[in-house]
Amino acid sequence: QVQLVESGGGLEQPGGSLRLSCAASGFTLESYAIGWFRQAPGKEREGVACISSSDANTYYADSVKGRFTVSRDNSKNVGYLQMNSLKPEDTALYYCATSWNWGAMKSMCVLASSGYADWGQGTQVTVSS
């Protein structure tokens, strides 16, 4: 059974850091592109970052560029989203998702949710003083 489980969310002060994890089970993550998305109350889901299956390329939304870093550890079957210099506007439910199709492209991924077939349940990130 394909499953993605996010963890690492929580309450953090502005300027702080959190690292989100996306643990995959039931399949081998290395063949898949990984995307991270977030959705704040009353807002549409937003693509935050993605990493290609070959680990060669990463892409970021302008709102997080320079603050967030996406990575993966295929040996552990886990993806990560390191979030630094957190801002109150980063508050949202964060999801990871995987794409076999974009994984097959090796060096590409997209920030559009339509490009991903499997999703985790999300982990809440709240940035507040």
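Lys106 lies in the loop between α1 (100-104) and β10 (118-119), where helices (H or I, at least four residues) and strands (E, at least two) are DSSP runs numbered from the N terminus. At 51% relative accessibility, Lys106 counts as exposed; exposed means over 50% relative accessible area, buried under 20%, and partly exposed in between, with a 1.4 Å probe and protein chains only. The phi of Lys106 is near 70°, a positive value in a residue other than glycine. Most residues other than glycine have a negative phi.

The model is a predicted one, in which local features need pLDDT of at least 70 and side-chain atom pairs count only at pLDDT 80 or more, while totals for chains, interfaces and linings use all residues. Residues are numbered from 1 along each chain as its sequence is written, and side-chain values use heavy atoms, with hydrogens and water left out.

A second residue with this backbone feature is Asn77, which has a positive phi of about 60° although it is not a glycine. Asn77 is found in the loop between β7 and β8 (78-83). At 15% relative accessibility, Asn77 counts as buried.

The overall fold may now be considered. The protein has 1 helix and 11 strands, and from the N terminus on these elements follow the order β-β-β-β-β-β-β-β-β-α-β-β. For 129 residues, a compact globule would have a radius of gyration near 14 Å, and the 13 Å of the protein agrees with this; the radius is taken over C-alpha atoms, and the globule rule is 2.2 Å times the number of residues to the power 0.38. Along the principal axes, the C-alpha atoms fill a box of roughly 40 × 30 × 30 Å.

Buried residues account for 43% of the 129 residues. Of the contacts (heavy atoms within 4.5 Å) between residues at least 6 apart in sequence, 63% join residues at least 24 apart. The protein exposes about 6400 Å², of which carbon and sulfur atoms supply 46%; accessible areas come from the Shrake-Rupley method with a 1.4 Å probe, and for residues only the protein chains shown count as cover.

Glu6 has its place in strand β1 (residues 3-7) and is buried, with a relative accessible area of 8%. Its side chain reaches the backbone nitrogen of Cys96 at 2.9 Å and the backbone nitrogen of Gln121 at 3.1 Å. Both are polar contacts: pairs of N or O atoms within 3.5 Å, where within protein one must be able to donate a hydrogen and the other to accept it, and residues adjacent in sequence count only if both atoms are side-chain atoms. Glu6 and Gly122 are 116 residues apart in sequence, yet 5.8 Å apart in space, C-alpha to C-alpha. Not counting residues up to four places away in sequence, the residues that Glu6 touches include Ser21, Cys22, Trp36 and Tyr94.

Arg72 lies in strand β7 (residues 68-73) and is likewise buried, with a relative accessible area of 10%. A polar atom of the Arg72 side chain lies 2.7 Å from the backbone oxygen of Leu29, and a polar atom of that side chain lies 3.0 Å from the backbone oxygen of Ser52. Beyond residues up to four places away in sequence, Arg72 touches several others, among them Tyr32, Ile34, Asp55 and Tyr80.
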